[in-house]
Amino acid sequence: EQPSFVNQGDKKFLDNLPDEISELGHMLLSEVRKFFRGELKYYTRSGKYVETPDNFWTVRIQPRDKSLRITVRGFPEFFNKSSNIEIKGDMSSYSAFKIFTMRQIPEAIAIIRQASSK
């Protein structure tokens, strides 16, 4: 279900989700917004939606493999090991992982919440 107020950046992300992962993207963002009142800002060059004002997580729509690629602030070893998600190192002190299914959402949210405390 949609949050009652969706800002422009979040709306752009939701509007750009392909049908196959629309439900996944909506659920991810509505869960994130229960904890964080930021806004996603789209960057054309990277294709990433970046959380503002505090850039502790980003999401990129991956239409080919029907996933969402999420980057989070912190090295992979900082995060609790997950059974459903494989976290890898990304640029500088960030890590990245992909989600494909609704059952990965709770762990994705736990990882994003850990990243916010870095």
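## Asp54 and its partner

Asp54 is partly exposed, with a relative accessible area of 34% (partly exposed sits between buried, under 20% relative accessible area, and exposed, over 50%, using a 1.4 Å probe and protein chains only). Its side chain meets that of Arg73 in a salt bridge, 3.0 Å from N to O (a salt bridge here is a side-chain nitrogen of Lys or Arg within 4 Å of a carboxyl oxygen of Asp or Glu). Asp54 lies in the loop between S2 and S3 while Arg73 is in strand S4, so this pair ties together parts that are 19 residues apart in sequence. Arg73 is buried, at 19% relative accessible area.

A quick word on where this comes from: the model is predicted, with local features needing pLDDT of at least 70 and side-chain atom pairs counting only at pLDDT 80 or more, while totals for chains, interfaces and linings use all residues. Residues are numbered from 1 along each chain as its sequence is written, and side-chain values use heavy atoms, leaving out hydrogens and water.

By the salt-bridge rule, the count comes to 7. One of them links Lys98 and Asp65, at 2.6 Å from N to O. Lys98 lies in strand S6 and Asp65 in the loop between S3 and S4, so here the pair ties together parts that are 33 residues apart in sequence. Lys98 counts as partly exposed at 27%, and Asp65 does too, at 32%. There's also a network: salt bridges with shared partners join Asp10, Arg33 and Glu51.

Then there's Glu31 with Lys34, whose closest N and O atoms are 2.7 Å apart. These two are 3 residues apart in helix H2 (residues 19-35), so about one helical turn separates them. Helices are DSSP runs of H or I, at least four residues, and strands are runs of E, at least two, numbered from the N terminus. Glu31 is buried at 19%, whereas Lys34 is exposed at 57%.

Back in the loop between strand S2 (48-52) and strand S3 (57-62), you'll find Pro53.

Two residues other than glycine have a positive phi. Lys66 has phi near 55°; Lys66 sits in the loop between S3 and strand S4 (67-73) and is partly exposed at 39%. Ser92 has phi near 40°; Ser92 belongs to the loop between strand S5 (88-89) and strand S6 (94-99) and counts as exposed, at 63% relative accessibility.
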